[in-house]
Amino acid sequence: MLLQYSLFITMGMLLLLKSASSFAPHRHHLIRQVARAVPSQNPPRVNLRVYSSLDNNNLWYDPSLMDHMLFRINECNSMPNDINLVDFVVDGEKLGKVTPKVAERLCNTSPSIFQKADSDSPLTLGKSAGNTIESRTKAVASVMEELRDSGYITGWRDEMYPVANNFDKVTSPVFLIERAAASLLGVMEYGVHINGLIISEDDKEVKMWMARRSKTKSKFPSMLDHIVAGGQPAGLSLLDNVIKECEEEAGIPEELTKRGIKPAGVISYENYGGRLKDEGEGVMNRVVLFCFDLMLPKDFVPSANDGEVESFFTWSLEEVAQSMHPEYDDPIKPNCYPVIIDFMLREGHISPDSPKYLEIVRRLRSGPCC
């Protein structure tokens with residue numbers, strides 16, 4: 001009887017061990033899936049070989065990469081602590097920011113549209129500018145054209161931006177302004193940036209289309225860029241602008257854009273710069289970029305249609321990450337990096353356990369989001 005009881009206990013223990021061993025890998029698999037936070041039907045995540053990872057779960061976890069990300073984000077957010085700025089106000093609405101020297105130049109440029117009562121008062125438009133969108137647009141344009149003709153404003157685009165104190169009002173702006181002059185008044189600027197994506201056939205890796213800007217561009221000539229990016233002009237919706245820019249800049253047909261496009265939030269930045277910043281006449285860039293992800297067929301090849309791009313090619317996310325190093329000799333245009341970093345975070349390519357993760361998330365919206 002004792003022998004039978006012992007055999008019964010032994011068989012029971014063996015069954016328990018077998019059950020536990022079969023559960024353990026299943027539990028580990030669940031833990032890995034939770035760590036990835038990626039449903040199986042989503043596009044595959046990149047195996048980031050250059051940097052260390054956590055339990056082979058394809059998440060980047062590397063302190064130096066996070067530092068490089070912050071370096072690139074901070075390139076777009078350069079604001080001296082001691083800078084003195086004057087508000088640009090129309091009808092009680094704060095629309096922009098300028099330095100005192102810029103305000104003085106605007107007030108002294110004919111015709112006398114801009115006014116500033118005293119050193120403590122804001123910059124504003126005088127009565128001669130009128131009180132309609134059309135009259136103010138014409139009045140401001142006369143000053144900006146004078147500054148263009150004198151060589152003070154460069155890179156004229158013949159593209160009008162709406163001027164409003166938040167995006168909800170751009171359909172009924174206070175006035176319109178030439179794109180090249182917007183930063184002179186420090187008004188809010190809006191744009192669209194598209195992450196052009198493919199899944200490679202050989203290794204199922206996510207790759208990103210990159211563009212080489214034309215050497216004739218007035219800003220950042222010959223630098224790397226998003227496949228498609230552009231300012232948000234007056235009179236177009238965001239999606240209509242995306243469709244237009246995709247067709248013009250990369251030859252992407254409307255049906256492909258509509259099929260693969262996905263709105264993906266915003267980033268914002270604010271900086272003081274320009275060629276005259278050391279003389280106290282720098283400009284204020286206050287920018288909100290609407291981010292879009294565009295999944296393209298693997299056999300589609302972009303084509304440069306408007307002369308703004310010299311060539312297109314694809315990079316793995318690993319190559320994109322390598323370009324974030326401060327000493328990389330052929331980096332992407334500065335304001336593309338926050339959009340790309342935002343993509344890498346929200347698509348789960350970066351471990352949230354990484355150091356400075358929350359700082360990066362916060363810094364991606366350093367400028368006013370309005």
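Which residue stands opposite leucine 197 in E8? Methionine 208 does. The model is predicted: local features need pLDDT of at least 70, side-chain atom pairs count only at pLDDT 80 or more, and totals for chains, interfaces and linings use all residues. Residues are numbered from 1 along each chain as its sequence is written, and side-chain values use heavy atoms, with hydrogens and water left out.

Strand E7 spans residues 188-199. Strands (E, at least two residues) and helices (H or I, at least four) are DSSP runs numbered from the N terminus. Eleven of the twelve E7 residues are buried (under 20% relative accessible area, 1.4 Å probe, protein chains only). Two strands pair if DSSP finds at least two bridges between them. E7 runs parallel to E12 (residues 283-295), joined by ten bridges. Histidine 193 has cysteine 291 of E12 as its bridge partner. Four bridges link E7 to E10 (residues 228-231) in the antiparallel sense. There, valine 192 faces glycine 230. E7 also pairs antiparallel with E8 (residues 206-213), over three bridges. Six residues separate the strands of the E7-E8 hairpin, where lysine 204 takes a positive phi near 55 degrees.

The largest nonpolar core holds 36 residues. Such a core is a set of buried Ala, Val, Leu, Ile, Met, Phe, Trp, Tyr and Cys residues joined through side-chain atoms within 4.5 Å. Met69 is one of the members that touch the most others. E8, E12 and helix H9 (336-346) are among the elements that each supply at least two residues of this core. H9 gives the most, with eight. Beyond its neighbours within four places in sequence, methionine 69 is in contact (heavy atoms within 4.5 Å) with Met324, Ile341, Met344, Leu345, Ile350 and Ile360.

Notes. Buried means under 20% relative accessible area, exposed over 50%, partly exposed in between (1.4 Å probe, protein chains only).
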